Amino acid sequence: MDPVAAQYEAYPYPARDPAAEKTRLIVGSPSNLPELNHYLFAGRRDFGRPFRALVAGGGTGDAAIMLAQQLADASGPGGDAGEVVYLDLSAASRKTAEARAEVRGLGNISFHSGSLLDLPELGLGSFDYIDCCGVLHHLEDPPAGLAALAAVLAEDGGIGLMVYAPYGRAGVYPLQDMLRQLAGDLPLAERVGLAKRLIDGLPETNAFRRNPFLGDHRRGDAELVDLLLHARDRAYTVPELVELVAGAGLAPIALIEPARYRPESYFAVPAVLKRLSEQGWLERAAFAEKLAGNVKKHVLYVAKTGTPETRVAAPEHPEAVPLLFDLEGPALAQAVQRDLTLKAEFDGLALRFALPRLAPAILQRIDGCRTLGAIHEELRGHDAGLDWPAFLDRFRELFAALNGVNRMFLRQPAG
Ligand SMILES: C[S@@+](CC[C@H](N)C(=O)[O-])C[C@H]1O[C@@H](n2cnc3c(N)ncnc32)[C@H](O)[C@@H]1O
């Protein structure tokens, strides 16, 4: 058996308890429905229409469960317009994913065992959206894997990828090498024990010990195996990722969280920023990951057709509806009222965004239904001089901050 397949048979990843579906839904990037709609369909996809999603290398089911639940909710009562196809090599992982779907009573997922490399021959049809998270970097031939995904992607569809990034994983690869040298021939369970003892004794100069942002191995054995005892794993810089994507005839559309890939979000040396401002978004992103040094994985949306300008929703139209992710408008309005600053932290990197004076009044009115036009009308009731262009300028400042930290998306009427 291929060593990667054997590993996920013994240690399905991530470890999940199906019973937990009774109390919470795990939602995250990529593939959160409002997020993928924002980045790949300009916020205009109507999920009441048929929508086919593939989760390639679905593991224990996080993305498949999230998408299936969100699609079921979005297609309305009795609606079954959204369909999720789960594919993975590991029977043990699939079993957990199926049990989770059963606890939720989800009937819109079909489960398949097999390799994503065989997708063009599996006859599963074509897909509007493909999630492939934490899988390509484990393949012997990642370009072949991405090409197989591209072959079953609809012309106007999109893919959400996650692959490892090197700088934030500083210390991981030397430790993987050491464990291979020490115990590459031992059974996996024994290597886990040895790895724990090695970690406990690492000297303070060791790069892994000095990297405070690596904590997965403390969550459990499956997480430790995935981080340190993986049979095959590589990390991609932004330029390497761009090359991988282009090789499959795809184009990068967005990197998540956007602010982390914009040096100006956390760096303020004018002479440097001026030179960077003359470069493209991907060149700036490549600079940013080296500058911050803490990016452990890249989440990237890619598509066969279009560009960020045509695929990503932008605050332009009165009929756009701003959506907050994991935040409530009124509570956030209150939190930023005093110092008009949005604060966020990613892997030790603190971000601060100055918000416009109008921010609390706008946030107060964001409820997932009100359009920008309706919010503007309400605010004009208090300030007759607030015309649409002035309102839009203020909203764009607020949007740049909140979207930058992945907390705001836009939904627009179906195109
Ligand atoms: C790190 S886990 C990620 C699981 C899931 N995507 C997530 O993010 O929670 C990688 C998964 O990819 C699966 N996998 C690896 N190679 C594969 C292949 N060629 N085809 C399908 N699945 C594969 C493994 O079995 C494993 O479940």
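I first looked up the lining of the second largest pocket and sorted its residues by class: 15 are nonpolar, 2 are polar and 5 are charged. I note that the model I am reading is a predicted one.

**Entry 1: the pocket.** I read off a volume of about 550 Å³ for the second largest pocket. Of its 22 lining residues, I found Tyr 39, Pro 258, Arg 262, Val 312 and Asn 403 to be the closest to the centre.

**Entry 2: a ring pair at Tyr 39.** I counted 9 aromatic pairs in the model. I examined the pair of Tyr 39 and Tyr 301, whose ring centres are 5.6 Å apart. Their planes meet at 15 degrees, and planes under 30 degrees apart count as stacked, so I recorded this pair as stacked. Tyr 39 belongs to helix H2 and Tyr 301 to strand S7 (residues 297–303), so the pair ties together parts that are 262 residues apart in sequence.

**Entry 3: the ligand.** I listed 18 residues around the ligand, and Gly 57, Asp 88, Ser 115, Leu 116 and Cys 133 come nearest. By class, I found 8 nonpolar, 8 polar and 2 charged residues in this shell. Which atoms of Leu 89, Ser 115 and Cys 133 lie within reach of a ligand nitrogen? For Leu 89 I noted a backbone N or O atom at 3.5 Å from a nitrogen atom of the ligand. For Ser 115 the atom is a polar one of the side chain, 3.1 Å from a ligand nitrogen. For Cys 133 I again noted a backbone N or O atom, here 2.9 Å from a nitrogen atom of the ligand. The ligand taken alone exposes 600 Å², and the protein buries 93% of that area.

**Entry 4: the backbone.** I looked up the peptide bond between Tyr 13 and Pro 14 and found it to be cis, with omega about -15 degrees. Pro 14 sits in the loop between helix H1 (3–10) and H2. Ser 31 also has its place in the loop between H1 and H2. I recorded its phi as near 90 degrees, a positive value in a residue other than glycine. A cis peptide bond also joins Ile 256 and Glu 257, with omega about -5 degrees. I located Glu 257 in the loop between S6 and helix H12 (270–277).

Key
Residues are numbered from 1 along each chain as its sequence is written. This is a predicted model: local features need pLDDT of at least 70, side-chain atom pairs count only at pLDDT 80 or more; totals for chains, interfaces and linings use all residues. Side-chain values use heavy atoms; hydrogens and water are left out. On a 1 Å grid over the protein atoms alone, a cavity is a set of points where a 1.4 Å probe fits but cannot get out, and a pocket is an open set with protein on both sides within 12 Å along at least five of seven lines; lining residues have an atom within 4 Å of a point. Grid points are joined across faces, edges and corners, and a volume is the space filled by probe spheres set on the points. Ala, Val, Leu, Ile, Met, Phe, Trp, Tyr, Cys and Pro count as nonpolar, Asp, Glu, Lys and Arg as charged, and the others, Gly among them, as polar. A residue is near a molecule or strand if one of its heavy atoms lies within 4 Å of it. A polar contact is a pair of N or O atoms within 3.5 Å; within protein, one must be able to donate a hydrogen and the other to accept it, and residues adjacent in sequence count only if both atoms are side-chain atoms. Accessible areas come from the Shrake-Rupley method with a 1.4 Å probe; for residues, only the protein chains shown count as cover. Rings of Phe, Tyr and Trp (its six-membered ring) pair if their centres lie within 6.5 Å; planes under 30 degrees apart count as stacked, over 60 as edge-to-face and the rest as tilted. Helices (H or I, at least four residues) and strands (E, at least two) are DSSP runs, numbered from the N terminus.
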